[in-house]
Amino acid sequence: MVDTRVTLSGITLDNPVIPASGAFGYGREFAEWYDLDCLGTFSFKGTTKDPRFGNPTPRIAETSGGMLNAVGLQNPGVEKVISEELPRMKEIFHKPVMANVSGFSIDEYTETCALLDREEQVGWLEVNISCPNVHGGGMAFGSSPEAAAAVTRAVKAVTTKPVYMKLSPNVTDIAAVARACEDAGADGVSLINTLLAMRISLKTKKPLLANGTGGLSGPAVFPVAIRMVYQVYEAVNIPIIGMGGVGSAEDVVEMMLAGATAVEVGAANLVNPFACRDIIDALPSVMQKYGINSLTEIIGGAHNG
């Protein structure tokens, strides 16, 4: 009998599979297809202080091996998430959830995180620092170790629950950003977010996305994600949630060998709504195939050679 359990900052998950924020909404659509309690947890739709309509359409473009999106953090704002979405989530998912938070200033991050931190359902805060800092010229908070540390420090000062900083891959040295987050008090890091990308229409001779650029996700980014998780594992002593192009139980095992304690699944949910359930169902047989008795034993296993 294999053991698929893992522990994230003191909270035990039945398995390491977590639907990623942005690809799972608040879980309602997926709950119509399968029992969400099979999941380790899920990271619900990115929440900001105020409601956001998001970017103009078109927001999605397909590409070989993946997709581009520029949704623009559409969400009803933290107050409605707490008053309306969390109660609905409680009806369909009976484990702690991960609250994904975005902001355009440090004050926005701290206010939103402080409110969600009080909610009993929330087990972890996943803080997306790929957002542009409106007070810092539009550069993403995660683009420099100093800015990433500033957000981490501010959020940790107003919260009691574990804080995982979600890192952008659009940097020269992601390990340096991860170390800065750890030094500032982060309980863990999540990586990678999407890679900045563009497609151009041959008919209109203009970018396919109204926003111009978007985030590339899907199988094409998986090797990049593995490399970055591997590098960050060597740089920090806090847990890593790995993500980026994960679509199978084998991918989960590979991500954990690189150094991830848990693994998020994003774009695959948009191709197959049963993706996470199918990965969880396949995990035991994949573990047996490769002689793995417990998933906790393989975390960072690729670094032991």
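Let's start with strand 5 and strand 6, where strand 6 covers residues 66-69: the two pair in the antiparallel sense, over four bridges. If you'd like one spot to look at, find Ala-61, which stands opposite Leu-68 in strand 6. Please keep in mind as we go that this is a predicted model.

Next stop, strand 8. This strand runs over residues 122-128, and Val-127 is found in it. Is Val-127 buried or exposed? Val-127 is buried, because its relative accessible area is 0%, and the cut-off for buried is under 20%. So who are its contacts? Not counting residues up to four places away in sequence, Val-127 touches Val-101, Tyr-109, Cys-113, Val-151, Val-155, Val-163, Tyr-164, Met-165 and Lys-166. There is also a C-alpha distance to share: Val-127 and Val-189 are 62 residues apart in sequence, and 9.0 Å apart in space.

Leu-125 lies in strand 8 as well. With a relative accessibility of 0%, Leu-125 counts as buried. Leaving aside neighbours within four places in sequence, Leu-125 is in contact with several residues, among them Ala-99, Val-101, Cys-113, Leu-116 and Asp-117. Further along the chain, the list for Leu-125 includes Thr-159, Pro-162, Val-163 and Tyr-164. And Gly-188, which is 63 residues from Leu-125 along the chain, has its C-alpha atom 10.0 Å from that of Leu-125.

Let's move on to charged side chains. How many salt bridges does the structure hold? There are seven, and I'll walk you through some of them.

In one, the side chains of Arg-5 and Asp-3 meet at 3.0 Å, N to O. Arg-5 counts as partly exposed, at 45% relative accessibility, and Asp-3 is partly exposed too, at 24%.

Another brings together the side chains of Lys-95 and Asp-14, at 2.7 Å, N to O. Why is this pair worth a look? Lys-95 lies in the loop between helix 2 (78-92) and strand 7 (97-101), and Asp-14 in the loop between strand 2 (11-13) and strand 3 (17-19), so the pair ties together parts that are 81 residues apart in sequence. Asp-14 has a relative accessible area of 43%, so Asp-14 is partly exposed.

Then we have Asp-187, which forms a salt bridge with Lys-156, and the closest N and O atoms are 2.8 Å apart. This pair also links distant parts of the chain: Asp-187 sits in the loop between helix 5 (174-183) and strand 10 (188-191), while Lys-156 is in helix 4, residues 145-156, and the two are 31 residues apart. Asp-187 is partly exposed, at 25% relative accessible area, and Lys-156 is partly exposed with 25%.

Technical notes: Residues numbered from 1 in each chain as written. Predicted model: local features only at pLDDT ≥ 70, side-chain atom pairs only at ≥ 80, totals over all residues. Heavy atoms only, no water. Pairing = 2+ DSSP bridges. Buried < 20%, exposed > 50% of the residue type's maximum accessible area, 1.4 Å probe, protein only. Contact = heavy atoms within 4.5 Å. Salt bridge = Lys/Arg side-chain N within 4 Å of Asp/Glu carboxyl O.
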